[in-house]
Amino acid sequence: MTEGVVDLVEAADLPVERVGGKARGLGRLAAAGFPVPPGFCLPVDAFTPTAGEEGEAESTGRPGLREGALAELRARWEALPAPHGVAVRSSATSEDGAASSAAGQYESVLGVRTFEELLDAVGRCQASRHSHAAGVYRGRVGLAGEAPRMAVVVQAMVDPAWAGVVFTAEAPVADDDQLVLVEAVEGLGTRLVDGVAEPERAAFSRREPHTPAFSTAFGERMGETREGGGPLRSLVRTALAVERALGGPQDIEWALDGTGLHLLQARPITATVPRPTQFGDWVSEVPGARWARMSICDSWLSDPLSPLFATTLFPALIDRWATNWGGPRRVRARSPLIPEPMHGTVNGYAYLRFDFPLSRHPVRTLRLTARWLGFHLSPVERHWRREVLPALREGLERVRDTPLTDLSPAEVLRRIRTVEELSARYWAVIGGLAWHWNTTEWLLGAVLARGGRRTKGLTPGSLLVGEDRFAHRAERALDRVAAAGPEDEERLLREYLRSFGHLVYSLDTAEPTAVDDPSMLRSVVAGRRRDGAGEPGAATVAPGPGRDPARRLGRGPAGVLRRGVHRWAHHWSGVRDEALHHFTLGWPFMRAGYLELGRRMVRAGLLDADDDVFYLTGKELGDWVRAGLSDEGWRDAVRERRLRRQWQRRLDPPDVVPADARITLFGSDITSLALFGVERGEDRADSLSGSAVSPGSYTGPARVIHELSDADALEKGEVLVVRQVTPAWAPLLARAGAVVADVGGALSHGSVVAREYGIPAVMGVRTATTRVGTGDTLTVDGDTGTVRLRSGP
């Protein structure tokens, strides 16, 4: 056999200049014992130099094969066991290398069943190296010049139930923070690699036991669970073994049939794989349940929950809230109207149940509605001021008495639970207060919209401001710090933290408060010094039309009505400001207690770092505190849970799960009431849309901030782009020209902060932090809820 047709195993040790990248890669897989379908390679020297050129095959009848190669090809063909035909694939010398993959640039022909079809397929592979598209590709990756020489691979076809690709990492250099990404279609994988079919997807940890990173219906269909594995996890293990054998992250084509797994190709990953935001399926873990990211889930919890928060404070907050209108848990458990559990997570994100079968039980629905109205129309403000707020303050004073280091673990945990209960009781009454401030703001907007020219340009946001609000008090306090000399700066900063350090960036106790990490405040103070803030005559709060509402709202009966509604709304806006300021007073206490327990677990050799405690569940922590029970696998579990939360942050949680979920009451769709204040427009290539929450228009460069530690990068006048805005973000807003947030609506707490600062804001954009890049030019229209973007400066 003079022309040297070779088995795939032999190709592993031959130079790529002879067998091409694909054949050598398959040969290395086969030689290492991986399940590669049998086949052979027609090497480069089996073809004439003019193989594939126009007319060459017709003149020789041998698709560019040299003398003697034709007979050897027939012999190999007849000896190859291929009941489903063969696949004929190009193997160019520049293909599937570390510098370029040439994926899809050259020809592959599947389902070849006769020798004549085989000759035609070999000719098509050779001709593809001269195609215009392949030439353009080579030019773009720096391989311009002559078309590369090409070998051809012939392999037995597989008749798969599933086929697809697996990326062993997300970049050419792998680490444990990355994922193994799997894409699959039923049947042959050509529809997937050709881009004509939307694949099923799953993602797994690179570490054993390779647990799924996101919940997906595809993974569940294939038998994958957190506890056990199916064929996909077996695929992941095989793929990572290939990575180790070939010396780097691999893009692997695979097929699964009745006999098992088959590897069809492996090439080095040459570029970063797109962030897998599409990998998470939004499927309820409770059969038949419907979920909404409303209330606390949207404006306060934009990120996936830590395991400790998800199993302690989050359910406590929701349970207390539901008690207001549904009664104690034992009463709710007997009600056919109120689903249990009321809270849950999907892919780590917080959701509330809203599958209330109201129409099935009309009498019970009327009673439940009466209880709901009774709570909200009760003297809830008086209850908050006279009972709930004093109880929170007094309780925190009591737990302040004894240093944590003097308490036993059980005493520390009891202190945490006391503060959690006080905070949950406080949150429950906020639900009643919020009904009033949301309703009055909506009513003010309706009155202004009907005021004609008299109220044109006026919005609730422009009227409901005041220098006595906590946001402005915080501003003035930071200005005093910025204006102080070095000898007074630390003292004034401590005073600021005593008054405002409890404000949180997220309700999740795993996230630090300003008391834990004042670095952002220090950078804000430094920025204000550069900007001249704190000097005599410097203004930090823009004047607004709310300074003289009587003049703008008019006289006569209509004016009296507008001013009356304005006074009502202004009062409740002040209640909102005060109520939310005090809401998180307990968070530094809870964090300090948990971190103290974490330190003790580190000393006991159970954890690696004190903040690992936030990645235990409430039950795990409670079992250790009460009975000394622990698990040798906690370190690994914590690392896995940290990674999973990091991966889940990439996802874009939908408003409702499932996507078509709706609330109906006696035939009417009332879903919009549950998502009150959130508006969604249609995103376009050059624009995003969300809720218009603070009026005005502003154009400037974007600054995308994913982590609080990056906050000091914000320059004065930049557009702040973040996941969410809570009152703790207020110091940054004073430097921003506008703000865009992934979550929140017109009535969310972050929107109030933006309006207090008089800067345009659009919230509920959902994909802003992923679609916008720092330096992009944004035009933020806080009147229409649109954000126009232009890449680069």
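Author: The model is predicted: local features need pLDDT of at least 70, side-chain atom pairs count only at pLDDT 80 or more, and totals for chains, interfaces and linings use all residues. Residues are numbered from 1 along each chain as its sequence is written, and side-chain values use heavy atoms, without hydrogens and water.

Reader: Why are α15 and α16 called roughly antiparallel?

Author: Start with the angle. Helix α15 (residues 380–399) and helix α16 (residues 409–449) have axes that cross at roughly 160° and come within 10 Å. Axes are lines fitted to C-alpha atoms, for helices over the stretch in contact, with angles from 0 to 180 degrees between N-to-C directions. Under 35 degrees is roughly parallel, over 145 roughly antiparallel, 65 to 115 roughly perpendicular, and the rest oblique. Therefore α15 and α16 count as roughly antiparallel.

Reader: Which residues make the contact of α15 and α16?

Author: Contact means heavy atoms within 4.5 Å. Among those involved are W384, L392 and V399 of α15, and Y426, L433 and H436 of α16. By class, the contact has 13 nonpolar, 5 polar and 4 charged residues. Nonpolar means Ala, Val, Leu, Ile, Met, Phe, Trp, Tyr, Cys and Pro; charged means Asp, Glu, Lys and Arg; the others, Gly among them, are polar.

Reader: What makes α23 and α24 roughly perpendicular?

Author: The axes of helix α23 (residues 587–603) and helix α24 (residues 618–627) cross at roughly 65°. Therefore α23 and α24 are roughly perpendicular to each other. Y594, L597, R600 and M601 in α23 meet L621, W624 and V625 in α24. That contact divides into 6 nonpolar, no polar and 1 charged.

Reader: What makes β1 and β4 edge strands?

Author: Strands are DSSP runs of E, at least two residues; helices are runs of H or I, at least four. Two strands pair if DSSP finds at least two bridges between them. The open sheet has 5 strands in the order β1-β2-β5-β3-β4, with antiparallel pairing. β1 (6–7) and β4 (108–112) each have a single partner strand, so one side of each is left without a neighbour in the sheet.

Reader: How do you know that β2 and β5 pair?

Author: Strand β2 (residues 39–42) and strand β5 (residues 150–156) share 4 bridges, in the antiparallel sense. L42 stands opposite V152 in β5.

Reader: Which strands does helix α5 touch?

Author: Helix α5 (residues 115–128) packs on the sheet and touches β2, β3, β4 and β5. Its direction makes about 140° with that of β5.
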